[in-house]
Amino acid sequence: MTRELRTATTALPLPAPLQLGAMTVTRREFAAVQVEQDGETGIAYGLTREAPMAEIVERLIAPHVLAGDLDPEALWERAFRGSAIVGRVGLVRRALGLVDVALWDLHARLLGEPVWSLLGSGDAPRPTMLVAAYPTPGRTVESLVEEVVGQARDGWPQVKISRSPDRALMRDLLAELDRELPAGCGLVVDVGFGWGDADEALDELADWGSPRLAWLEDPLLPEDVAGCARIRRETGLTVAVGDEVTDPTVLQALAEGGGIDVARLDVVALGGITPSRAFLAWAADRGLPVSCHIGPEISVHLPGVQVETFARGPRPNPYDPSPVLVTGGPSFSGGFATPPAGSGLGFGFAPGTFDFGRSS
């Protein structure tokens, strides 16, 4: 038995820069992993956030997963322990997440089963949130409303926009969306950890009026449990936090400290399917809803989650062009994502998108 691991990185420019909290994003860079064994290949991909993810995978994770039985959970533990002196959370955890997802895909492909079957998740359609619009520079309220409402009318039960630091624009935008969104369509505003503390958040939220939100997402850094709890308490808004979190104990502390109504789960960032599975069991025991951050090709296989996607079409999405990287994956209809029936994760990389180099 020979097991080989390869990595690749690709970057796709955006037509206009995005402001995500304190970050300005001009391109989306993705790292990919493929693991080969016995004539099958498991794959995974995720955002690098401009970090050297491929190198971290090759140097810190790959040496621990190339030998031994193909048991994703056992290999995860070996790689976690083997990199613990510099890892456990942060970039190393994300690198471990990429490899873990690829190992689950490979394991399921060799067994001829979908990953959702191995996880006991079933293939029922998953509720899905659409990332609908970002208030990029120069956008008017009218153009944003037209974009969001047009997509909501395609049947999405929940749509998400990002926060603009322009208070007047947000007030007018939210008021218009309150009037124009179809009945039954919930609105999410993603702050992207854009406020420094609860005082700043509450001051700006007061300028927004009284919008009807499905939830307010990532208002503060996820470690600020007290601040998130205060926002929930003083505004009455539903709060969801968790994008990019790499440590499940942070999500658990938010839930136990009254900081969230909904946990946001980034499967790759949290370390892959193995730790996500454990966190989902913990959340289910407590009745805590879980909404996944990006990567619908992966999250659609998990039990009891809401999936997130960007609009898909013949042209690259202006906010996240990742759909052009993949073929297959879940099908979307009526605001739901249906897991693919094929073995593994059920998706592949589009030709020419990733150039896998040397193997580990």
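The model is predicted. The protein has 11 helices and 15 strands. Its radius of gyration is 20 Å, close to the 21 Å that the globule rule gives for 360 residues, so the protein is as compact as a globular protein of that length.

**Overall build**

- Along the principal axes, the C-alpha atoms fill a box of roughly 60 × 45 × 35 Å.
- Of the 360 residues, 56% count as buried.
- Take the contacts in the protein with a separation of 6 or more: residues 24 or more positions apart account for 69% of them.

**The sheet of S1, S2 and S3**

- Three strands make up an open sheet. Their order is S1-S2-S3, and the pairing is antiparallel.
- S1 and strand S3 (40-47) stand at the edges. Each has a single partner strand, so one side of each is left without a neighbour in the sheet.
- Direction ignored, neighbouring strands of this sheet are turned by 15 degrees against each other on average.
- S1 and S2 run antiparallel and are joined by 13 bridges. Within this pair, threonine 7 has valine 33 in S2 as its bridge partner.
- S1 and S2 form a hairpin with two residues between the strands. Glycine 21 in this hairpin takes a positive phi near 60 degrees.
- S2 and S3 also pair in the antiparallel sense, over eight bridges. Phenylalanine 30 stands opposite leucine 47 in S3.

**Helices against the sheet**

- H1 lies across S1 and S2. Helix H1 runs at about 155 degrees to S1.
- H3 packs on the sheet and touches S1, S2 and S3. The direction of H3 makes about 150 degrees with that of S3.

**Helix H1**

- The buried residues of H1 include Met53, Ala54 and Ile56. Val57, Glu58 and Ile61 are buried in H1 too.
- What covers the buried residues of H1? The cover includes strand S1 (4-20) and strand S2 (23-37). H2 and H3 are also part of that cover.

**Helix H2**

- H2 spans residues 72-82. Pro72, Leu75, Trp76, Ala79 and Phe80 are buried in this helix.
- Why do these residues count as lying on the same side of H2? They cover an arc of only 135 degrees around the axis, which puts them on the same side of the helix.
- The cover over the buried residues of H2 includes helix H1 (53-61). Helix H3 (91-111) and helix H10 (273-286) also contribute to it.

**Cysteines**

- A disulfide is a covalent bond between the sulfur atoms of two cysteines.
- How many disulfides does the model have? With a cut-off of 2.5 Å between cysteine sulfur atoms, the count comes to zero.
- Cysteine 185 is in no disulfide. The nearest cysteine sulfur is that of cysteine 292, 19 Å away. Cysteine 185 is buried, with a relative accessible area of 12%.
- Cysteine 228 is in no disulfide either. For cysteine 228, the nearest cysteine sulfur is that of cysteine 292, 19 Å away.
- Is cysteine 228 buried or exposed? Cysteine 228 counts as buried, at 0% relative accessibility.

Key. Residues numbered from 1 in each chain as written. Predicted model: local features only at pLDDT ≥ 70, side-chain atom pairs only at ≥ 80, totals over all residues. Heavy atoms only, no water. Buried < 20%, exposed > 50% of the residue type's maximum accessible area, 1.4 Å probe, protein only. Helix = DSSP H or I, 4+ residues; strand = E, 2+ residues; numbered from the N terminus. Arc of directions from axis to C-beta. Contact = heavy atoms within 4.5 Å. Pairing = 2+ DSSP bridges. Axes fitted to C-alpha atoms, helices over the stretch in contact; angles between N-to-C directions. Rg over C-alpha atoms; globule rule 2.2 N^0.38 Å.
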